[in-house]
Amino acid sequence: MNTTFFAEDRKGWMSLLASADEARLTELWHGFGADPACEFLRAPEAGGVMVRGRMGGTGAPFNLGEMTVTRCALALTDGTVGHGYVQGRSKAKAEIAAKVDALMQTGAAEALRAAVLAPLAEERQAQKDTRAAKAAATKVEFFTMVRGED
Amino acid sequence: MYVAVKGGERAIENAHAWLAEERRGSKEVSELSLAQIREQLSLAVNRVMAEGSLYDPDLAALAIKQSRGDLIEAIFLIRAYRTTLPRFGCSKPVETGKMACDRRISATFKDAPGGQVLGPTFDYTHRLLDFKLAADGEVPEAAVAEPRREATPHITEFLQGEDIIEREPFSDAEPGDLTREPMSFPAGRAVRLQSLARGDEGFILGMAYSTQRGYARNHAFVGELRIGCVPVEMEIPELGFAIEIGEVELTECETVNQFKGSKTVPPQFTRGYGLVFGQSERKSIAMALVDRALRWEELGEDNVGAAAQDEEFVLSHADNIQATGFLEHIKLPHYVDFQSELELVRKLRREAEELAQTLAAREAAE
Amino acid sequence: MRLQTSTAVYAGGFSNPPVTAAHAFRAAMNAMARPGQIQNISGAIPPAGVSVAAGTLLLTLCDPETGVYLTPGLDSDALRGWLTFHTGAPVVEAGQADFALGTWDALLPLTRFRAGTAEYPDRSATLIIEVPGFGPPNAALKGPGIKGTAQMQLPEISAFRNNAVLYPLGVDFFFTAGAQVAALPRSTQVTAEA
């Protein structure tokens, strides 16, 4: 497997899992059906990450404030290691994310992608499009005012 | 002087029980759910996240419920909770240029590429109470149009093209963190921005307003105001690459301020910057104005003695949790201090009376 | 990108972090509070070459905001990976280190470590010195936390005396062997045992 390609792909699914709605992720995960045996390398734990911005949007960094993040690491029985880093404080969500990350590195990848990741990605895009469409409807069209007569 | 006092446990317990009952209010009225607070009081939730300095809408909703809607008390709860969280690390700086904008306006350029997008704003409402909301009203669906797919560029980029606005020097310097190192002065712009971002909205607003009324020369235009979601990325050391760990809603304000120039810099526009968690428009504009006023020294401007130019004054008084803690502690028992004060005043009065008597006796004798 | 396929990097952490870390912290605190007194400390199983005591101290005291210096003799991909996963602590040069790990000879000279500043004496390094064992005492200790005098074996005397002279600046020391730890804070006066 090309490792650079793999990292890019892995970044994609880990990112998608991080901001997924917990209820929906749980539903899709249960729908997938298989819950592999695994051992925690790091039991799910909640913590904070300092979010940074840049001065003027593009300059030097500064600390804006923290956000809650929960992480988890586990190993499948074949030794495959999965990591979950998810927004919020749900330990269950972090555990599912780590399991998905582990299984995505196994032969179950394609089935899992179809059952969990593809619907998540699609729904996320649809949500973004809905907001963008509402924003677009509030875009101002300026009309140059013309005097009544020359 | 602090003196331990014993007793009052039963009174305190009973006070807490009554507080819980009062918080709940009449049981004839159904209880608020956290989801209701999060969804329907979202600007209060945003303020608690911004000033609590922790982005977590569900936690902020809980804090608002527990504090009976006292937002400073809610911020206090969030700050206390925040200190219990292990710090996993720091994000990469968010890229606001890639924001999915719900709102994006410019007061300086009518035809800004990307357009003027009003978003869900209170502006242009008539500020008339809507009595329909007193009854449960169904809300019509908002209108939609063809969505913009590409990123919306920052307005200042266009001014930068003409080289007529100062450039933000890019760096990856490690910024100071006031939650880790006690603040010392001069604090530097990174710590100033952190302090303003978590500072009290009312205080920052008052400071900003003072600059507009002439207490610091600082005529600002809102070059751009944008509200929307940005992904947050963090390097994961055990992976060796960065992933998105979530998404936050931000309000960003960039002001453009006229600058007559200095010995080393030609006349140009200078910048003030505001960035706040959530949809917090007033706060971000105020933050940008105060940021700009505090930059007088690096820009070679005169210190006219305005409060908003005084970094130590602004940063030391911006935090509402520090302020309320110190302010409210004076209502707690100070019996021993007061006893000594009482003794002192009695003694002074005795001395004054004795002096008056002596003077009167001397006058009578003369 | 290098894929870390070895799960060894992920193993050997605290099985019950809140409890284990609290016990380990108490041992570390007691060691510092009672200079020269040996405490039991365990919970971590670090990669080969590092004692249980030193590994447990690292997991207890380090986080993403504490720089760790690893002496060349101990530094390895396995140790770096283990430290990164379990603590997030960055590996740094000696001059930036909050904690340093190595044998006494490998850590010398002490002057390369931060000794704090007059305003912030706490901005200094803590050295975790791997020793073969706690042998017969060659030094007498006096100072806070010691009733009368205490004894312990030190790799030498003069370096510790010189460090104590810097007080309130200076570095602090843990000594680790197996699952045991002893400590020598900068406040302790050291003399050669007669």
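Reader: In which hand do α4(B) and α5(B) cross?

Author: This is a predicted model, and the two elements in question are helix α4 (residues 57-66) of chain B and helix α5 (residues 71-82) of chain B. Where α4(B) and α5(B) cross, the crossing is right-handed.

Reader: Are α4(B) and α5(B) parallel or oblique to each other?

Author: In this packing the axes of α4(B) and α5(B) lie 8 Å apart and the angle is about 130 degrees. Angles over 145 degrees count as roughly antiparallel and those from 65 to 115 as roughly perpendicular. The relation of α4(B) to α5(B) is therefore oblique.

Reader: How many nonpolar residues does the contact of α4(B) with α5(B) have?

Author: On the side of α4(B) the contact is made by B:Leu59, B:Ala60, B:Ala63, B:Ile64 and B:Gln66, while α5(B) brings B:Ala74, B:Leu77, B:Ile78 and B:Tyr81. By class, no residue there is charged and one is polar, and the nonpolar residues number eight.

Reader: Which element gives the most to the side of chain B that touches chain A?

Author: Between these chains, 66 residues of chain B are in contact with 48 residues of chain A. Several elements of chain B each supply at least two residues to that side, including α7 (189-197), β4 (220-236) and β5 (241-259). The most, nine residues, comes from β5(B).

Reader: Which residue in β1(B) is the bridge partner of A:Glu66?

Author: Strand β2 (residues 61-76) of chain A pairs with β1(B) in the parallel sense, over two bridges. In β1(B), the bridge partner of A:Glu66 is B:Leu54.

Note on methods:
Residues numbered from 1 in each chain as written. Chains lettered and ligands numbered in written order. Predicted model: local features only at pLDDT ≥ 70, side-chain atom pairs only at ≥ 80, totals over all residues. Contact = placed C-beta atoms within 7 Å. Helix = DSSP H or I, 4+ residues; strand = E, 2+ residues; numbered from the N terminus. Pairing = 2+ DSSP bridges. Axes fitted to C-alpha atoms, helices over the stretch in contact; angles between N-to-C directions. Parallel < 35°, antiparallel > 145°, perpendicular 65-115°, else oblique. Left-handed = near helix turned anticlockwise from the far one by under 90°. Nonpolar A, V, L, I, M, F, W, Y, C, P; charged D, E, K, R; others polar.
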